[in-house]
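Subject: Handover of a structure and the findings on it

Dear colleague,

Please find below the structure that I am handing over to you. My notes on it follow directly after.

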Amino acid sequence: MSEELKQLIESNGLTYHIETFGCQMNVHESEKIAGVLENLGYKPSESKAAADLLLFNTCCVREHAEARLSGHIGALKDHKADKAYGVLAVCGCMMQQKDAAHKLMRRFPFVDMVFGTNSIHKLDSLLEDVLLRGQRAYCVEEDISIVEDIPVRRDGGPCAFVNIIYGCNNFCTYCIVPYVRGRERSRRADDIIDEIKRLCDEGVSEVTLLGQNVNSYGNDLVESISFPRLLRRIDAETNIRRIRFMTSHPKDMADELIACYGDLPSLCEHIHLPVQSGSDNVLRRMNRLYTRAHYLGLIDKLRARVPDIAITTDIIVGFPGETENDFEDTLSLVSEVQFDAAFTFAYSKRKLTKAADMPDQIDKAVKSERLARLNALVAELQRRSISAYRGRDVEVLTEGISERDANMVVGRTRTAKTVHFPGDASDIGRFINVHIDEVLTHTLRGKRL
Ligand code: SAH
Ligand code: SF4
Ligand code: F3S
C-alpha cells in the first residue's frame, strides 16, 4: 500500500460517501470498499455533498437503473468545485459491462474513476492514479478469482452479510447477472467458517449467507461439500445464533436443505424462494428449469417441516409472450402459496440476454396494469400474514433505534418480521422477547416481556 497516498489522505482529512444501488451483494461490496478506503485513511463523510470521494456502486438488473444513474451523475458536475482532492467514482455491476463503462467515461469527463466488481482489491492503485498522478483510472476485468481478506467496514450492528458463492451459471433468459458477475465460484468452507467465528467475536448474532444461487455452493470446489452440509458445519462449529441465506433457486433445492429447517437451531424460519412466474409456459421460456407443480411441492415440504415458516419471493410480470392466462396463473400461484411478501417487477429488456430478442414483447401499459393487480394481491397477503402475529410472543434481535421514535427500538423476528418496542441503545444486539399487541401496515409493535 502506498505510504504517499495514505499520507495525502490522512493529512488532508479526506472523507468518502458511497451510494449503493441493487441487491445485498452490492450492499456487502460497498462495505468492503469502505473497509479498503478506511484502511487508506479515509473517514466517512457527514453528508454526500461534503464527501471528497463520492462513489456510486451501481446495479444494472433493470433498465431504469441506467437512466437514474445518469441523472445522479449529471447533477454532480460541480461536486468537486470546492474540493482540492475531490474524486468522483463509479463501480459495480453496470460498470462491469464495458460498453456502459466506456459510455459513462465519455459522457461525464468529470468522473475520475471507474471500476468493475472484480477490482475492489485494486482500489488503492486506482486512487494513486487519480490523486498522485492526476490521471483518470479505469479497471474493468474479467479475472474472477476470489480475493480473500479484503477488509470489511460493517455498520457495527448485530447482523452481517457473508458471501459464500459468487457469480451465476443459470442464465435465466431475462437476467443480466451472469454476464456481469461471471461464472460460479464458491469460497472455501473453512474461510466462511473462520469469517463467521470472527463476526461472532465482534458481537454479530445473525448472518445472511449470500449467493445468486446458494444451492450451487460447493459444485466448483475440490472439497466435497454442499450447501446443506455447509449450513450444518456453520451451525455446529460457530456460535452464531441466527442464519439466513439469499437466494435459493427452486430447481435445485435439495431435500437435505429442507431437512435443515427445524433441525438446525440457528437456521431461521424464513426462506426467500423466487418463483418468477406461475405459468409453466413462461417458466420454460425463462429457462428456470422447474414447473409450477415442482415449486408448489417445495412449499408443501417446507410447511410440513415448519408450519410457521415465512416464505417470500420475486415475481416478474410481462415477460415476452406472457398472455393474460399466464398472468392469471401467477396470480393463482400467489394466492395458493400465500406468500408473506414478494418483490414484484415489470419485465425489463436487458441487452445480451435471450429474452431481449424474443418475439411478443409486452406493452408497457399491459405490464403496468398487471403489476398493479399483482401488487394489490401481494399487499393483501402481506396484511394477512402480519396480522397473524397479533397477540403472539416473539424473539426479536434488536438492530437499532426506531427512526420515527427515539424511545423505541427496532429489530426482526426469526421470520424476518420487523418489530418496534420501547427500549434504548443498550438493547442493540440483544435478543428480547416481545408480546405483539399492534399490527401496522408493514411492521409490528409490542411490549417487552
Ligand atoms: N439470483 C437471484 C436473483 C437476482 S436478481 C435469484 O435467482 O433469485 C433479483 C430479481 O430481479 C430476480 O429474482 C428477478 O425477479 C428480478 N429481475 C432480474 N432480471 C430482471 C429483468 N430483466 N426484468 C425484471 N426483473 C428482473
Ligand atoms: Fe439471474 Fe437466474 Fe442467476 Fe438469479 S439464478 S442471478 S435470476 S440468471
Ligand atoms: Fe445485484 Fe444488481 Fe448486480 S441485482 S448482482 S447489484 S446487477
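How many nonpolar, polar and charged residues does the shell around ligand 2 have, by class? The shell has 7 nonpolar, 3 polar and 1 charged residues. Please bear in mind throughout that this is a predicted model.

**The two ligands**

The residues around ligand 2 are C168, N170, F171, C172, Y174, C175, V177, P178, Q212, H249 and R288. As to its location, ligand 2 sits in the largest pocket.

Ligand 3 likewise sits in the largest pocket. Its surroundings are formed by G22, C23, N26, C59, C60, V61, C93, R181 and Q212. Divided by class, the shell around ligand 3 comprises 5 nonpolar residues, 3 polar residues and 1 charged residue.

Is R181 buried or exposed? R181 counts as buried because its relative accessible area is 8%, and the limit for a buried residue is under 20%. When neighbours within four places in sequence are left aside, R181 is in contact with M25, N26, E29, C93, T117 and G167. The C-alpha atom of R181 is separated by 35 Å from that of V419, a residue 238 places away along the chain.

**Helix α1**

Helix α1 covers residues 3-11, and within it L5, L8 and I9 are buried. Why do these residues lie on the same side of α1? They do so because they cover an arc of only 95° around the axis. The buried residues of α1 pack against α5, which comprises residues 123-132. On the face of α1 turned away from the buried side, one finds the exposed residues E3, E4, Q7 and S11.

**T313 in strand β13**

T313 is located in strand β13, made up of residues 310-317. With a relative accessible area of 0%, T313 is buried. Which residues does T313 touch, not counting those up to four places away in sequence? They are H272, L273, P274, V275, Y295, F339, A341, A342 and F343.

**Backbone features**

Most residues other than glycine have a negative phi, and most peptide bonds are trans.

The peptide bond from M246 to T247 is cis, and its omega is near 0°. T247 is found in the loop between β11 (242-246) and α9 (255-260).

N287 is not a glycine, yet it has a positive phi of about 60°. This residue belongs to the loop between α10 (280-285) and α11 (292-305). N287 counts as partly exposed, at 26% relative accessibility.

L289, which is not a glycine either, has a positive phi of about 65°. Its place is in the loop between α10 and α11. At 60% relative accessibility, L289 counts as exposed.

With kind regards

Definitions and conventions
Residues numbered from 1 in each chain as written. Chains lettered and ligands numbered in written order. Predicted model: local features only at pLDDT ≥ 70, side-chain atom pairs only at ≥ 80, totals over all residues. Heavy atoms only, no water. Near = heavy atom within 4 Å. 1 Å grid on protein atoms, 1.4 Å probe; cavity = no way out; pocket = protein on both sides within 12 Å on 5 of 7 lines; lining within 4 Å. Sits in = over half its atoms within 2 Å of the grid points. Nonpolar A, V, L, I, M, F, W, Y, C, P; charged D, E, K, R; others polar. Buried < 20%, exposed > 50% of the residue type's maximum accessible area, 1.4 Å probe, protein only. Helix = DSSP H or I, 4+ residues; strand = E, 2+ residues; numbered from the N terminus. Arc of directions from axis to C-beta. Contact = heavy atoms within 4.5 Å.
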